[in-house]
Amino acid sequence: MAGRPHTPRGGRSSGAAPRQPRAAGGVLPVDSGRAFIPILLFAVVAALFLVRLVYLQVVMAPTYSAQAEEARTVGFDIEPRRGTIYDRNGTVLAVSVDATTIYANPSEVEDIRGTASALAGALGGEAADYESTLAANNTTFAFIKRKADTAVADQVRALELKGIYFIGESRREYPNGRVGAQVIGLTDIDGNGLSGLEKYYNDILSGEAGRYEAERGRDGTPIPGGVHEETPAVDGEDIMISLDIELQQSVEDRLLADEKGLTSNGGSAVVMDGESGEIYAAASLPLLDPNDRENIKAGATELKTVTDLFEPGSIFKSVSAMAILETGSMAPDTELFCPNEIVADGYTITDAHDRGDATYTLQEIMDQSSNIGISLATENMGFDKFYEHILKYNLHEKTGVDYPGEGGEGTDILGYMVPFDSLSKVTAYNMSFGQGISVTPMQMTRFYGALTNGGVECVPHFLMSKPQTGETMEYATEKVIDDQKAIDQMTGMLKTVVTEGTGKDAAIEGYNVAGKTSTAEIYDDVNGGYRKGVYNMAFTGFIADSTGPQLVCFVGANETEYGSIVTPVFKDIMSTAIDRFKISPK
């Protein structure tokens, strides 16, 4: 119809807004779904922040606190002062002197290159040597120089370098250099014993380490009350040993004087008091210089008189003769026919020097060092008795000397000896003149010591006392020879070895030197049999009928040509000892 307004399908009239119902109170309602979304988002974000805050402040707080504390904490062990080693007269042999360890806190070093350059100028080396240390991450402690001289450390301290700090420590020094160093031994940079008495008595000398921990501020200054732990170090104990450093120097000098003649593989000497077991001097080639650690020769840290086994040769004839005298099977003047050779188990035994058939007394067997004579004399006594006396004299056991390296752990057996049940005739002959059996020089020195001490063997030793506590050490003794008459006879025979026999070069005017020479063949462990043209030579003896310390001296020359080089060395060493200790004839 004309004049009626048109309304499109699906729509409303555009002429007026639709009417809405009014809410109570006259306020229009808001769409509740749309309003809730931002509220929910805000709540979720707030909850996440809250959880994170709880996690950081409650759960992780101890960890972060510990990390922060660690970052500003410096901690290190406090090294104790190592005990001093003195010789028998109170001369200092090893001592700990003041030193300063220089370290860095890399997190505080602001100018790495400049600091490295300054350190190089004071300590030596190149700046690059220090840069990697100063640039280290994740640490507040890095060594720059261990145990520097205090004067050098003071020069570095005067530079006032940011992040560089100092610890007072001590460093081991050996005032006598190489003299006695083989016996005394070495320590490492941390003060732990590596060799010699430094190693053997490490528990006594080392003491107990302390501990220091403290917090430092960002500028490196200590935080008041920030010391967490400060445990003082307990210093080590001093020890006094039996070495006489002046005699020790004479022994070493004498070995060096004939070094080429004495050895191609380690000549040695030891001087021991047979009445006490105190070792006055001991050395073996090559010697040790503790102040030249970059050029230490193989074997220099070992005392071969203790550590090395060898076939003793004719110095062992004194063992055989002592058993013969003790059993009464022969007296010194008893005669025995000795052909120029004997055969046993298909092997031929001769003396070192060509000779015809002869009749020798036991005295002459010793004077001439006859292999055939001592073999037949031992056979007449009985190989069973011979074997029993070797065991009785403790020549198959450790001496107990207080020095590292005497045989293996967990056993008292030392050296090689065929079990008696397997002992052949030729082996028994060989053993009678010191072949086919192995001992150490210290074992032989202890046996000869018993001849000076009424048949009583003493444990060879270095440690005498602990000066700080006044403790004096005591060592075991054992009577191994019961017949004093036999000892006197044995001593008499050893004296004529020097006056009339093979040991003439060991004679000292005005004194009765008693001893025995040996020229022992060397067994080839690789190829079997005995080597040709080289020998282990030795002389072991003492000053008989004398006052003063009853010193026994062993001198050995290893892998050397045949000759009498060891007897003059013995003579010079014992002549020095006579003067030094005022030994006089009775």
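Helix α9, residues 245-257, and helix α19, residues 566-580, pack against each other in this predicted model at an angle of about 160°, with their axes 10 Å apart. Since angles over 145 degrees count as roughly antiparallel, that makes α9 roughly antiparallel to α19. The crossing of α9 past α19 is right-handed.

Which residues make this contact? From α9, they are Glu246, Leu247, Ser250, Val251, Arg254 and Leu255. From α19, they are Pro568, Val569, Asp572, Ile573, Thr576, Ala577 and Arg580. By class, the contact of α9 with α19 comprises 7 nonpolar, 2 polar and 4 charged residues.

Let me turn to the sheet. It is an open sheet of 5 strands, in the order β10-β9-β21-β20-β19, and the pairing is antiparallel. At the edges are β10, residues 279-284, and β19, residues 512-523, each of which pairs on one side only. From one strand to the next, the twist averages 15°.

At the β10 end of the order, strand β9, residues 268-273, is joined to β10 by 5 bridges, and the two run antiparallel. Within this pair, Val270 has Ala282 in β10 as its bridge partner.

Terms used
Residues are numbered from 1 along each chain as its sequence is written. This is a predicted model: local features need pLDDT of at least 70, side-chain atom pairs count only at pLDDT 80 or more; totals for chains, interfaces and linings use all residues. Side-chain values use heavy atoms; hydrogens and water are left out. Axes are lines fitted to C-alpha atoms, for helices over the stretch in contact, and angles run from 0 to 180 degrees between N-to-C directions. Helices (H or I, at least four residues) and strands (E, at least two) are DSSP runs, numbered from the N terminus. Angles under 35 degrees count as roughly parallel, over 145 as roughly antiparallel, 65 to 115 as roughly perpendicular and the rest as oblique. A crossing is left-handed if the near helix is turned anticlockwise from the far one by less than a right angle, and right-handed if clockwise. Contact means heavy atoms within 4.5 Å. Ala, Val, Leu, Ile, Met, Phe, Trp, Tyr, Cys and Pro count as nonpolar, Asp, Glu, Lys and Arg as charged, and the others, Gly among them, as polar. Two strands pair if DSSP finds at least two bridges between them.
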